[in-house]
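Trainee: I would like a close look at one part of this model, the place where the two chains meet. Please take it piece by piece.

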There are 2 protein chains.
Amino acid sequence: MRRPTIADIARQAGVSKGAVSYALNGQPGVSEATRARILAIANEIGWRPNIAARALNGARAHAVGLALCRPARFLGVEPFFMELISGIEAELSARSYALLLQVVGDHEAEMGVYRRWWGEGRVDGAILVDLHLDDPRVPQVEELGMPVVVLGHPSAAGSLVPVWADDSAAVRETVEYLVALGHRRIARVAGLPRLSHTAIRDRAFGDVCAGLGLDACPIVHTDYTGEEGARATRRLLSSPERPTAIVFDNDIMAVAGLSVAQEMRLDVPADLSVVAWDDSPLCQVVRPPLTVLTRDIPAYGAHAAQRLLALIDGVEARPLEDEAPRLTTRGSTAPPA
Amino acid sequence: MRRPTIADIARQAGVSKGAVSYALNGQPGVSEATRARILAIANEIGWRPNIAARALNGARAHAVGLALCRPARFLGVEPFFMELISGIEAELSARSYALLLQVVGDHEAEMGVYRRWWGEGRVDGAILVDLHLDDPRVPQVEELGMPVVVLGHPSAAGSLVPVWADDSAAVRETVEYLVALGHRRIARVAGLPRLSHTAIRDRAFGDVCAGLGLDACPIVHTDYTGEEGARATRRLLSSPERPTAIVFDNDIMAVAGLSVAQEMRLDVPADLSVVAWDDSPLCQVVRPPLTVLTRDIPAYGAHAAQRLLALIDGVEARPLEDEAPRLTTRGSTAPPA
DNA sequence: CGTAGGTGCTGAACCGGATAAGTACCGAGA
DNA sequence: TCTCGGTACTTATCCGGTTCAGCACCTACG
């Protein structure tokens, strides 16, 4: 019941191990007749290459790593990661690459995981997500010499290959749309301020509002949870100059904000317009359904994986600017009453 | 810049490779002084064991596999899998095991992945989820001889080690609670009928309702999406004998159902009580917040991982009945008007 | 007819560890 | 003094592949 090896094939075919290796790898050095015979035997006895043995010869590990550094309680909150992973997977599995996944508590642990994976020859590369401002992981990973693709803006990616979307354009489109509807007081409920994409969106939001000569355009930072989203909304809606539109950084906060507004007897969209970043079933299920910024997240993951595989293959992987999020209007936005 | 090997350590320490191997693995055969010297050198030059080389000697792959067979569009829908994975991870990473993840389209592809992983020596075992009635994967995986833990009821797990929760008890608790509130017409919006846990819940629901002498207790099957949940709810609420309480098989359908009820000008909970299986931020965010069946999903995953590691270690892993889901009452349930 | 070049294969080394078998040395006991 | 047993190593082999050097054989060509 031992797993068959090329030695078994060689014995049955009456040739040497070397010939079998050439035959199985489509390399020259064996006649077509012998190759066919060897392949038939390999197939018959159910031979599979032992990746450990292959890896030992300096070959690929045929796996890439993804260490997610999020407190467990936020992981289930957003569908983002599952969608991202399924997109990465789609690309990887087409090339028979596996995804090594580990959930870690902090960035130090994350780097430890990368160091171990790379040091043990377990992965050929990795994808870095949730970039921070001046992220210490970037120089550390550069020093490791491991092929890495970064999901995030080039400005934060150092010499690593970035895959990103133009969040600024999405912010601009959203604000301009709200202004066109007649809104003048627009607020933004943002995510974690230390994330670089939060900073980018914040800046774009400020710039666009200023450019359009809008009144105060407050930004409130949160941790992406429904609770903080609700709290932020409550604070905004209780202020004397309450906004007539709020743009939320994820779906869960938008829905929480919607509930808060309705509790406060405000009509959405008449008294308050709501926009959510990233669509989800949740956004379509609530009443009114939410106007959202839609991204093709699986495609985003697939592109990152594709760039990473190119990098691993030694092809120079160029930065990739993905499609910007597009505004999908639904019932939660309207001209202010 | 080559990765250091034990040969490098041996050269620097002036001993043989064998001695280094003994020292690094805490085995007898070297003096404490030599061992300390070798460890110091290993540490200094940043040596890490090459798992491929270790695996070649029949050692463990130090990874377990999880192939998720769900259409990509359902993956982001439920937080279940991310929570499960984070629980599995917690247990695995404590033992420096990695999780190999692959999303596949169907069960055939899933078995192909397991066969490949096992054949290539890439994993030491796997976790099987989403068991079907008469699931063909069970005998196939038994034949592979790979250590496997099944998330699901023992009745469907064959000779594989099951980790499960008593869904029947949870169904009973829920129905009895609703009956105690005064409900007599209770409906269930269930998930995919071919899943074995759906069958178990269906049966328990029927049994409990019959046992309590309730009127018609309809069950509607869906694919877990909000759309089908909404459709099922609409159908139930439009029937002449409309239920005064509905128990949904997941959060997204419960929320969709809630919206449908509110659209139909029914007051929740006065006209309709709503219960959701599995808590999520979503359930707490909607108005009224939903009464839910709470499971500790990360713990569930952790237990499965722990059983699997025991199995891999050759310890006879016994079936584990996890804690049954508990009812957490919130604003969506009340006596019928 | 001698040889240059290509084909089709063999044998052996190699990757980085683990490990069984062998050896040199030392102290203790008969 | 000789043997015995343990300690502290070394040497050699193995795991399952890849790959390189070498070799026999055939064909083509000057």
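Which residue of S2(B) does Leu99(A) stand opposite?

Mentor: This is a predicted model. Leu99(A) stands opposite Leu101(B). The pairing belongs to strand S2 of chain A, residues 98-104, which is joined to S2(B) by three bridges, the two strands running antiparallel.

Around that pairing, 47 residues of chain B are in contact with 47 residues of chain A. On the side of chain B that touches chain A, strand S2 (98-104) is one of the elements that each supply at least two residues.

Next, the relation between the copies. Chain B is superposed on chain A by a rotation of 179° with 0.0 Å of shift along the axis, at an RMSD of 0.1 Å. That is the relation of a two-fold axis. Of the interface residues of chain B, 100% are also interface residues in chain A, so the copies meet through the same surface.

Last, the nonpolar cores. The largest has 112 residues, and those touching the most other members are Ile127, Leu128 and Val149 of chain A and Ile127, Leu128 and Val149 of chain B. Leaving out residues up to four places away in sequence, Leu128(B) touches Arg137(B), Val141(B), Val148(B), Val150(B), Leu151(B) and Leu160(B). A second, separate core of 85 residues includes Val255(A), Val260(A) and Ala276(A), along with Tyr224(B).

Technical notes
Residues are numbered from 1 along each chain as its sequence is written. Chains are lettered from A and ligands numbered from 1 in the order in which they are written. This is a predicted model: local features need pLDDT of at least 70, side-chain atom pairs count only at pLDDT 80 or more; totals for chains, interfaces and linings use all residues. A nonpolar core is a set of buried Ala, Val, Leu, Ile, Met, Phe, Trp, Tyr and Cys residues joined through C-beta atoms within 7 Å. A residue is buried if 20 or more other C-beta atoms lie within 10 Å of its own, exposed if 12 or fewer, and partly exposed in between; C-beta atoms are placed from the backbone. Two residues are in contact if their C-beta atoms, placed from the backbone, lie within 7 Å. Helices (H or I, at least four residues) and strands (E, at least two) are DSSP runs, numbered from the N terminus. Two strands pair if DSSP finds at least two bridges between them. Copies are superposed by least squares on the C-alpha atoms of residues with pLDDT of at least 70 in both.
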